[in-house]
Amino acid sequence: MPSARFAPARPIYPVAGIRAVEARALPGAVPPLMERAGAAAAALALRLLDGPGSVLVACGPGNNGGDGFVVARHLKAAGLRVVVAFAGEPAKLPADASAAHAAWLEHGGSTSAELPPPPPGGWNLVVDALFGIGLQRPLEGRYAGWIATLNAQPCPRLALDIPSGLDADSGRRLGPCFAASHTVSFIALKPGLLTLDGPDQCGELHLQEIDVDAEALAPAPGHEITPALFAGRLAPRARNSHKGSYGDAALIGGAPGMVGAAILAGRAAANLGAGRVLVGLLDPATLPVDILRPELMFRSAPELLAEAGIAAFAVGPGLGQSDAAWTLVHAAIALPAQLVLDADALNLVARDPGLQAALAHRSRPAVLTPHPAEAARLLGSTTADVQADRIAAACRMAGQLKAWVVLKGCGSIVANPDGHWWINSSGNPAMATAGIGDVLSGILAALLARGWDAGEALLAAVHLHGLAGDRVCAAQGLDSGLLADELAPAARACFNAWVVPSPADAPQRPTE
Ligand SMILES: NC(=O)C1=CN([C@@H]2O[C@H](COP(=O)(O)OP(=O)(O)OC[C@H]3O[C@@H](n4cnc5c(N)ncnc54)[C@H](O)[C@@H]3O)[C@@H](O)[C@H]2O)[C@@H](O)CC1
Ligand SMILES: Nc1ncnc2c1ncn2[C@@H]1O[C@H](COP(=O)(O)OP(=O)(O)O)[C@@H](O)[C@H]1O
Ligand SMILES: [K+]
């Protein structure tokens, strides 16, 4: 079975969910969860140190500080020079943290109420155990100063559970925020690690489940995206199949001056194995053929919408917001085919409650691919409001429009109409360039044309699109300058590697 090849999709919990898991896991846990967390973090710290040295552990007034005392104890026991900064009142520590503090003192440790200056040669590691999921407001005063000093240390910087200053639910920096080179998070993933500012602040992310099976204790409202979610679709083609078996994908867009967007989407659909790809341009006079991709067939947009038997339409790339564009969107929503709405198709829907109602009443849910500004228009809010809670925004759009939605950007959020959500971790900022979104629409159109349902197609397309961006950037050493048209061949390669495993992935024959 292909699914055995893919890591299962790990659950993601906002703070309330982690608290529910903890409440069930904590009582009677042996060893206590804080001891497990601290030991796991210390093991990572030792790998980062790779030898003797001096470590600074900055501990806060709650249980995150408790994790820090445990880490300090283990590192001291391993022979390192460990300095603990702790400005809280020991008597006010919560019970587990208080026990960890006492154990640190019993093992010969001490604490300093101020951040001590670095030793000659500097720190070899700094550990942020100031605040975890209990952060309630922006850091200021002493702790803001500590964060600035910790961030200035030219050594590995390890955050425990979540970088201090980062909101665990939204991924928003609330103010001064620890800039980790590595983050070790405990029990389960939190959304804030994976979206918005989270990936920048976390550095390399390590999850330590510390022997807690979170999903057995409390249902998870969200999951990460991995191919395990759509592995059932990744079977090789039947030999006895033909182009009609893989559907017609139709791209509608390309107003004058924006024909490239429709071409990019069409090329991507061709690379992802649609049986036939048809491009319907608003201004068909501009381009009769894509000479570099002559597989694409061209029509006028109204002609294409009237064509029988098309399995999937993606409407929006380069569409514009003219009256003609509105007529096309209106007609596309009414068709029984699979439907992707992107870019200006979304802007037209945002302006028209009639289109919104028609979308919500489709027999098959549509797939919507807004970036945060398009999402703000759909929700009648602002981009800042959307970004302040990306999961809530994605779920609201999906619920209101009864559609599958991806809210794009760093840590894209996929939401279904029932309120479940997923976060995608593939992709990179070189993808922040015009045309990349059109490629996503094309990938989606191809998978839908091939018969995938809306949810599987969206999860796969979003993950694959990011993976393709990562592959091209890694292969060419790019931080910027990625071209949208480079993505589709890379997406093709990644997709086919899922379907046809390399010999190294093939099951081994038992030796006799
Ligand atoms: N309870 C347990 O046994 C476990 C707890 N864990 C750790 O505990 C953490 C959560 O602990 P807590 O709930 O105690 O929360 P935190 O330790 O994250 O912070 C809570 C404390 O910080 C204060 N605070 C919040 N925001 C502040 C701000 N901006 N400025 C100044 N003070 C502020 C609060 O008043 C409270 O005293 C997790 O992130 C994780 O690191 C893990 O060890 C797993 C097990
Ligand atoms: N910093 C980033 N990290 C990961 N993915 C990104 C980042 N910036 C952009 N992307 C991805 O690139 C694509 C850009 O799409 P979009 O903003 O619609 O651009 P356009 O419509 O101009 O092609 C989205 O899929 C988005 O998730
Ligand atoms: K922390």
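With 24 C-beta neighbours inside 10 Å, Ala-168 counts as buried (20 or more other C-beta atoms within 10 Å of its own; exposed means 12 or fewer, partly exposed in between, with C-beta atoms placed from the backbone). This is a predicted model, in which local features need pLDDT of at least 70, side-chain atom pairs count only at pLDDT 80 or more, and totals for chains, interfaces and linings use all residues. Residues are numbered from 1 along each chain as its sequence is written, while chains are lettered from A and ligands numbered from 1 in the order in which they are written.

**Around Ala-168**

- Ala-168 sits in the loop between strand E6 (157–160) and strand E7 (182–186); helices (H or I, at least four residues) and strands (E, at least two) are DSSP runs, numbered from the N terminus.
- Apart from neighbours within four places in sequence, Ala-168 is in contact with Val-15, Ile-133, Ile-162, Lys-190 and Gly-192 (contact: C-beta atoms, placed from the backbone, within 7 Å).
- Leu-194 is 26 residues from Ala-168 along the chain, and their C-alpha atoms are separated by 9.5 Å.
- Asp-161 also lies in the loop between E6 and E7, and it has a positive phi of about 70° although it is not a glycine.
- Asp-161 counts as buried because it has 26 C-beta neighbours inside 10 Å.

**Domains**

- The domain assignment gives domain 1 (11–223) and domain 2 (247–498); such bounds come from an automatic or database assignment.
- The C-alpha centres of the two domains lie 40 Å apart.
- Contacts join 13 residues of domain 1 to 13 residues of domain 2.
- On the side of domain 1 that touches domain 2, helix H6 (198–202) and strand E9 (222–224) each supply at least two residues.
- The residues on that side of domain 1 are six nonpolar, six polar and one charged (Ala, Val, Leu, Ile, Met, Phe, Trp, Tyr, Cys and Pro count as nonpolar, Asp, Glu, Lys and Arg as charged, and the others, Gly among them, as polar).
- An unreviewed UniProt entry places the feature "domain: YjeF N-terminal" at residues 13–218; UniProt annotations may be inferred rather than shown by experiment.
- The span 13–218 is 36% helix and 16% strand, and its end C-alpha atoms lie 9 Å apart.

**Ligand 1**

- The shell holds 26 residues, of which Gly-62, Asn-63, Asn-64, Gly-132 and Gly-134 come nearest (a residue is near a molecule if its C-beta atom, placed from the backbone, lies within 6 Å of it).
- Helix H2 (33–49) and helix H3 (63–77) each supply at least two shell residues, and H3 gives the most, with four.
- By class, this shell has 13 nonpolar, eight polar and five charged residues.

**Ligand 2**

- Of the 19 residues around ligand 2, Lys-408, Gly-427, Pro-429, Ala-432 and Gly-437 come nearest.
- Helix H16 (436–449) gives the most to this shell, with four residues.
- The shell around ligand 2 has eight nonpolar, nine polar and two charged residues.

- Gly-17, Ile-18, Val-21 and Glu-22 are buried in helix H1 (residues 15–25).
- Seen down the axis of H1, these buried residues fall within an arc of 140°, so they line one face of the helix (the arc is that of the directions from the helix axis to the C-beta atoms).
- The buried residues of H1 pack against helix H7 (214–217), while the face turned away carries the exposed residues Ala-16 and Ala-23.
- Pro-31 is in the loop between H1 and H2, and the peptide bond from Val-30 to Pro-31 is cis, with omega near -10°.

How values were computed
Contact = placed C-beta atoms within 7 Å.
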